[in-house]
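Here is a short briefing on one structure. Look it over first, then read the notes by topic.

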Amino acid sequence: MTFIVILVALIALLYLGMPMFAGMLLFSAAVLWFAEGHIGNLGEFVFGQLNVYLLVAIPLFMLMAHFMVRGKVVDDLYDTAHTLVRHLPGGLGVATVFACAVFAAISGSSVATALTIGAVAIPQMLRYNYSPRGAYGVVAGGGTLGILIPPSAPMVLYGFVADTSIGALFMAGVLPGLLISALFAAYCMITEGRRERRMGPAHVRPPRATWGEALASLRKSVWALSLPPFVLGGMYFGIFTATEAAAAGALWALIIATVIYRKFGVRDLWEGACDAARTSAVLFLVIIAAGLFGYMLTILRIPNQLVELVATYDVSKYQFLVAAMVLIFLLGLVLESISIILITTPVLLPVLDHLGIDKVWYGVLLTINLELALISPPVGMNLIVIKSITKAPLAEIDKAAIPYILMLILGIAILIAFPQIALWLPQTMRYGG
Amino acid sequence: MSQPAENTSLTPAQRRIRAVERVVAAVSRAGLRLAAAATLGAFGLVCYAIGMRYFFDRPQSWTDEAVGWLMVIIVMFALPEAQRRGDHIGVDVLTERMTGGRRRAFAILGVGTVFACAFLLVKEGIETVLFTRMLGLLSNNIPEIDLWIVQAFVPAGGALLALVAVVQLACYFAGLAPRDMGEHPKDSIE
C-alpha cells in the first residue's frame, strides 16, 4: 500500500512537468528526511553512482551508433532488405522489419530505429500503395526491436540495477528479438497479402531478386551487417566485456566510416562525443535519482513487505510474473521506459530472488514490456516519431500500433511459457542464472 | 523572436539578463567541450586497455578506475548544457498543453527544482570532498592522485548547473524565454 501511495505521489509530481531526476531526487530526499531525519551522504552517493566502469558502455554504444549513421554506413540497409524480400506478400513491410532488426543491433535505440528506418521506409511504402495504417504500424512495431535486440541501453541499466551479467542479458535478447521480428513479418505478409488479393490485377508485386541482384545489394550493406556479429560475437566468446564490446564496436564503426566510406570527419567525431556526453548526463542523473529512490524504498522496508506479502498469499512464480507485467504495462502508459526500470527493479528484485525467478529471463520480459510503452499512447515515443515523419493524425498512428501491441503481449506470453527461448543462448556461454 | 528585433524591445534590466545569459552559455558550452573530450578519452582508454591486453599481454589495472573518473566528468560537465537546452527526461503531456502564465509558472517550478538539486549537489559534494581530504584518501590503482580531486568534479558541475538554473529563473521572472531551451532535441536512449 505504501508503495502504491509513493508511486502515485511521484507520478503526480512528474506530471507537473519537472525533470524526472529533479522530481525523483527531491521526493526521495524529502521522504528520507521525514523518515530518518537525514538524507545520508549524498555527495559520496552521487560520486559512487557515477564512478562505475560498466556504465561507460552506454555513451560508447551511442558513439558507435553515431559513427554508423553519420558515416552513411547504414544508408543502404533498407534497400538491401527490400531487394531480398520484395517478392513476398507485404514485402515492403517485411523489409522494414528486417531493416529495423539489423539497425536495432547497431543503434541499441528504439526511437533512433523508428526514426532512421521510418524516414526511408514510410515514404517508400506509401509510394507503392502499402496501406498507410500498415506502414505506420510496422515502423512503430519494428522500431521497438531497438531495445530488445542487443546492444540495448535499457538492458545495461537493468543489468546494473539488478547486478546481472550484461553479456547474458544481451544474448538473452537475441532469440526473443528474432521471434518477435518473425511475428511482425508474418503479420505484414498475412494482412498485406490479403489486401493485395483484394486489389487484384491493380497490384503488381516485384519479381524475386536474381542471385546477382541479391549479392550486389548485400555487398552494399556488408559493412553495416558486419558490426552486430563483431560486437555480439566478441561478448559471446568472452573476448570482450560489455564496456569493451562497446569501445571495440565504436572503433570498428569509426574505421568503417572513415577508411571505407570516407564520409566521416573530425567534426562528426566531435559532434558525436558532444551528443553522447549530453545524453549520458541526462540519463545518469535519472540513475542517481533512482538510486536514492531505491535507497528510500529500502529504508521504508517496502521490498521486504512485498516479499512477505508474496509469501503470505503463497503467490506462484507465474502469478507474480503476470502481475508484475500488468503493473509495468500500466506504468508504461504514464512513464517512459528508463524510469520504469529504475523505479520497479529495486522493489521487485527481492521477490524475484524469493521466487527463484531468473533475473535474465525477467530482464527480457521487462524489456519487451518496455517496448509496449514505446507504442502505447499517450507517451509512446515511437508514435510521436512517426507523427513527426508523416504528419499523420496521432489517432490514426495509435490505431496502427494496436496489432503490434497485441503481438508484443503474445511475445511476453510465449516467453513466460517457454523461458528457454531467452535463456538457451546465455546458457551456452556458461551463464548460470 | 529574432535577436535584433528582441534587442530593440528589451528593457535595460532584460538586456542585462541577456548579457549574463550569454556569458553563462559560453561557460556551459565550455563544460560540454570538456565532457566531450572526456567521452573520447574514455573511448581511447578502453581501446588502449583492450589493445594492451590482447596484443601486448599487459593488462592495465589503472584504466578501469580512470574511465570511471572520466564518467564523473562526462556527466557533471555535460549536465549544465543539457539543462540549458532543456534536454531532460520528463513527462510533458500536461504542461505541453498549457499556455501563457500557467505554462510559465510550471516552467519556473521545473527550473526551481533543478536549482534545488544543484544546490544539494554542491553542498553535499563539498562536504564529501572535505571529509575525504581530511582522511587523506588516495585512489586504489593510481595512488599519485588524491581522491578528493576527482570527487570535486561533483560540486563543480553542480555549481555550473546552479548557475544555468539561476539565469533561466531570472529570464522567466523578467518575462523572457531562456535562449536555446528545447531547440536541440535530445538523442533518445529508448
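Ala245(A) is found in helix 12 (residues 242-260) of chain A. Helices are DSSP runs of H or I with at least four residues, numbered from the N terminus. This is a predicted model: local features need pLDDT of at least 70, side-chain atom pairs count only at pLDDT 80 or more, and totals for chains, interfaces and linings use all residues. Residues are numbered from 1 along each chain as its sequence is written, chains are lettered from A and ligands numbered from 1 in the order written, and side-chain values use heavy atoms, without hydrogens and water.

**Around Ala245(A)**
- Ala245(A) is buried, at 0% relative accessibility. Buried means under 20% relative accessible area, exposed over 50%, and partly exposed in between (1.4 Å probe, protein chains only).
- Leaving out residues up to four places away in sequence, Ala245(A) touches Val231(A), Met235(A) and Phe240(A). Contact means heavy atoms within 4.5 Å.

**Aromatic rings**
- The whole structure holds 13 aromatic pairs over all chains. Rings of Phe, Tyr and Trp (its six-membered ring) pair if their centres lie within 6.5 Å; planes under 30 degrees apart are stacked, over 60 edge-to-face, the rest tilted.
- Tyr48(B) and Trp62(B) form a tilted pair, 6.2 Å centre to centre with 50 degrees between the planes.
- Tyr48(B) lies in helix 2 (residues 12-55) of chain B and Trp62(B) in helix 3 (residues 62-84) of chain B, so the pair ties together parts 14 residues apart in sequence.
- Tyr48(B) is partly exposed at 36%, and Trp62(B) is partly exposed at 31%.
- Trp223(A), Phe230(A), Phe240(A) and Trp252(A) form one aromatic cluster.

Note on methods:
Helices (H or I, at least four residues) and strands (E, at least two) are DSSP runs, numbered from the N terminus.
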